[in-house]
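The following exercises are to be worked through with the sequence and the coordinates at hand. Each task is followed by a solution in steps.

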Amino acid sequence: MMELYQFGDSPCCMKVRMVMAEKGLDREIKTVASYKFAHYQPDYQALNPYSLVPTLVHDGRVVIQSSNIGEYLDEMFPDPSLQPRDPFEKSKMREWMKEEEEFLFPLIVTLSFNTMMKLRAEGYGIEQLQEWSLLHPDQESAQDYLSRVTSPVDTEGLARAEKKFRWHMERLEKQLTESGGPWICGRVFSLADICLAGIMDRIEYLDRDWLFDGLLRVEAWV
């Protein structure tokens, strides 16, 4: 029995769904209504004390952190393998998985809160968001969230995030050149590709795919 607690527009959840799809795994999807702060409620926190998605429950055992879930599934269900056998290529896979977690994902958060997340105030209305925010156990964090989704766009912060993201895309272009492609680790489609796929999906959704314009190998990889 495999249950995946997630919500649809999360790049972190997308990477786990992609691993499951590659391996043809049956699972039950448990949707977590993040806009209602459902991931901060006691029943979910009993599974994931960090109040993050996704969370995997496999045969009653809980696995958290999206990249960790991906590696767990790849080792539990090794066919097809999503890791290179060559130690150097595997090190590159882990390097890019870490780059996604530590650098690209935080940039996506900045880009998202200055674009798509603003639509929540328009779509639900500020009164509804305020009502849902009362469900958050940490009201300081709840008010910070409300401020970010209702305040004017931080144009300077947005520009800085775009510039930094482009720098990482130039690094990816170099990696794809050195590996020979078509994937990040050469001929092996790996967890590194899956981790970055969710990031690129969000970039395209935000109409910022111009951030890899002219990077021919990145464009081909996407």
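**Exercise 1. Surroundings of a loop residue**

Which residues does valine 53 touch, not counting residues up to four places away in sequence?

*Solution.* The model examined here is predicted. Begin with the position of the residue: valine 53 lies in the loop between helix H2 (42–45) and S3. Next, list its partners. Valine 53 touches Tyr5, Gln6, Phe7, Ser10, Cys12, Cys13, Val32 and Tyr44, with residues up to four places away in sequence left out. Then consider accessibility: the relative accessible area of valine 53 is 13%, and the cut-off for buried is under 20%, so this residue is buried. Finally, take a distance along and across the chain. Valine 53 and aspartate 79 are 26 residues apart in sequence, and their C-alpha atoms are 25 Å apart in space.

**Exercise 2. The sheet and the helices across it**

Determine the strand order of the open sheet, its edge strands and the helices that lie across it.

*Solution.* The open sheet has four strands in the order S2-S1-S3-S4, with mixed pairing. Strand S2 (28–31) and strand S4 (61–64) are the edge strands, each pairing on one side only. On average, neighbouring strands of this sheet are turned by 20° against each other, direction ignored. Leucine 4 stands opposite isoleucine 29 in S2.

Helix H1 (residues 11–23) lies across S1 and strand S3 (55–58) and runs at about 155° to S1. Helix H3 (residues 66–76) lies across S1, S3 and S4, and its angle to S4 is about 125°.

**Exercise 3. Nonpolar cores**

Identify the residues of the largest nonpolar core that touch the most other members, and describe the contacts of phenylalanine 165.

*Solution.* The largest nonpolar core holds 50 residues, of which Leu73, Phe165, Met169, Leu172 and Ile184 touch the most other members. Leaving aside neighbours within four places in sequence, phenylalanine 165 is in contact with Leu104, Leu107, Ile108, Ile199, Met200, Ile203 and Leu211. There is also a second, separate core of seven residues, including Phe7, Val32, Tyr44 and Val53.

**Exercise 4. An aromatic cluster**

Characterise the aromatic pairs that phenylalanine 37 forms with tyrosine 40 and with tyrosine 145.

*Solution.* The structure holds eight aromatic pairs. Phenylalanine 37 and tyrosine 40 form a tilted pair, with 6.3 Å centre to centre and 55° between the planes. The pair of phenylalanine 37 and tyrosine 145 is edge-to-face, with 5.2 Å centre to centre and 80° between the planes. Phenylalanine 37 lies in the loop between S2 and H2 and tyrosine 145 in helix H7 (residues 139–150), so the pair ties together parts that are 108 residues apart in sequence.

Compare the accessibilities next. Phenylalanine 37 is buried at 4% relative accessibility, and tyrosine 145 is buried at 8%, whereas tyrosine 40 is partly exposed at 25%. To conclude, Phe37, Tyr40, Phe113 and Tyr145 form one aromatic cluster.

**Exercise 5. An arginine in a loop**

Is arginine 208 buried or exposed, and with which side chain does its side chain make a polar contact?

*Solution.* Arginine 208 is found in the loop between helix H9 (191–205) and helix H10 (216–221). Its relative accessibility is 14%, so arginine 208 counts as buried. The side chain of arginine 208 makes a polar contact of 2.7 Å with the side chain of glutamate 162.

Notes
Residues numbered from 1 in each chain as written. Predicted model: local features only at pLDDT ≥ 70, side-chain atom pairs only at ≥ 80, totals over all residues. Heavy atoms only, no water. Helix = DSSP H or I, 4+ residues; strand = E, 2+ residues; numbered from the N terminus. Buried < 20%, exposed > 50% of the residue type's maximum accessible area, 1.4 Å probe, protein only. Polar contact = N/O pair within 3.5 Å; in protein donor to acceptor, adjacent residues only side chain to side chain. Pairing = 2+ DSSP bridges. Axes fitted to C-alpha atoms, helices over the stretch in contact; angles between N-to-C directions. Contact = heavy atoms within 4.5 Å. Core = buried A, V, L, I, M, F, W, Y, C linked by side-chain atoms within 4.5 Å. Phe/Tyr/Trp six-rings, centres within 6.5 Å; stacked < 30°, edge-to-face > 60°.
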